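The sequence and the model are shown first.

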Amino acid sequence: MPRRFERGVAVKVACSTLCFGRLPLDRALKTMEELDFSNVDATIAPKGPHLTPAEVAADPARCARLLRYTSSVVPAALNLEFEPNLDQETFVAQFDAICKLARNLGVATLTMPAAASNTSLDQEVVRLKQLVALAEPYGLVLTVETRIGTFTELPNSAVKLCERVPGLGLTLDPSHYICGPNQNRSYDQVYPYVRHVHLRDTGLSPDKMQVRVGQGEIEYSRIITQLEKHRYNRVLTVEIVDKPENPFPMETEVRKLKFLLESLAA
């Protein structure tokens with residue numbers, strides 16, 4: 001059930017499929033259901049644990065059934081990755097198929113990584129304008145994630161992209177601003193452009209990208225306050241990535257962060 005910020009703006013807490021990447025997709029969705037999630041943020045990636053862009057392009061109806069009818073958890077966002085060396089025709093076909101899937105699922109937000117940090121601004125603006133133009137006819141908001149190693153790894157660069165590409169939004173992943181080149185400095189300037197959020201707890205160095213909830217530097221209450229200030233009314237996604245080396249049980253940490261976010265956004 002959607003929670004509400006103090007001023008009455010409804011938000012939902014979703015679970016990323018990356019939280020249960022070692023499980024088959026149907027079991028991952030059932031696990032989210034057992035943890036009382038109502039919404040899922042589904043990752044579609046060539047090397048991801050579940051659906052790939054090629055699979056969506058080949059059989060979008062099957063992918064829609066898997067995401068919508070396997071459990072009671074409803075898709076709320078899609079998180080996308082593509083093979084880096086795809087020819088343009090194949091890329092456009094895959095991207096268009098994912099846009100159709102999103103529309104059929106009732107999803108409004110797509111997240112992608114921006115280009116590498118050494119890419120020229122003008123070059124990335126051209127690319128993202130083309131993608132926004134492809135997504136908009138389907139009623140979708142395209143966002144780029146704030147991520148180490150990409151053009152958005154520094155807040156000012158992320159803002160420049162949004163200023164230059166009308167309709168583009170940001171998926172805020174504060175972990176990358178905590179332990180990346182931003183070195184835990186303020187990133188308040190990005191909030192007017194935030195259209196989606198990925199969250200986990202994080203320490204001050206790249207090797208502490210994921211730590212137990214409460215042992216890191218993420219100021220969840222401050223993030224919620226800033227989102228409220230800018231009338232954010234979309235999704236907060238728990239995105240603790242399922243890795244064999246994680247020194248904690250996934251279900252426990254996912255549940256803890258879910259409860260924390262719901263308590264803050266209530």
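## Second largest pocket

The lining of the second largest pocket is made up, by class, of seven charged, six polar and five nonpolar residues. The structure is a predicted model, and the volume of this pocket comes to about 300 Å³.

In total, 18 residues line the second largest pocket. Those nearest its centre are Leu18, Glu81, Arg147, Glu239 and Val241.

## Largest pocket

The largest pocket holds about 500 Å³ of space. Its lining has 22 residues, and Phe82, Glu83, Pro84, Phe91 and Arg127 are the closest to the centre. Sorted by class, 13 residues of this lining are nonpolar, five are polar and four are charged.

Which elements each supply at least two residues of the lining of the largest pocket? They are helix 4, spanning 88–105, strand 5, spanning 109–113, and helix 5, spanning 121–135. Helix 5 gives the largest share, with four residues.

## Packing of helix 4 and helix 5

Two packed helices are described by the angle between their axes and by the distance between those axes. For helix 4 and helix 5, the packing angle is about 40° and the axes lie 10 Å apart. Helix 4 is therefore oblique to helix 5. The crossing of the two helices is right-handed.

Which residues make the contact between helix 4 and helix 5? On helix 4 they are Phe91, Phe95 and Cys99, and on helix 5 they are Leu131, Leu134 and Ala135. By class, the contact has six nonpolar residues, with no polar and no charged ones. Phe91 of helix 4 belongs to this contact, and Phe91 is also among the residues closest to the centre of the largest pocket.

Note on methods. Residues are numbered from 1 along each chain as its sequence is written. This is a predicted model: local features need pLDDT of at least 70, side-chain atom pairs count only at pLDDT 80 or more; totals for chains, interfaces and linings use all residues. Side-chain values use heavy atoms; hydrogens and water are left out. On a 1 Å grid over the protein atoms alone, a cavity is a set of points where a 1.4 Å probe fits but cannot get out, and a pocket is an open set with protein on both sides within 12 Å along at least five of seven lines; lining residues have an atom within 4 Å of a point. Grid points are joined across faces, edges and corners, and a volume is the space filled by probe spheres set on the points. Ala, Val, Leu, Ile, Met, Phe, Trp, Tyr, Cys and Pro count as nonpolar, Asp, Glu, Lys and Arg as charged, and the others, Gly among them, as polar. Axes are lines fitted to C-alpha atoms, for helices over the stretch in contact, and angles run from 0 to 180 degrees between N-to-C directions. Angles under 35 degrees count as roughly parallel, over 145 as roughly antiparallel, 65 to 115 as roughly perpendicular and the rest as oblique. A crossing is left-handed if the near helix is turned anticlockwise from the far one by less than a right angle, and right-handed if clockwise. Contact means heavy atoms within 4.5 Å.
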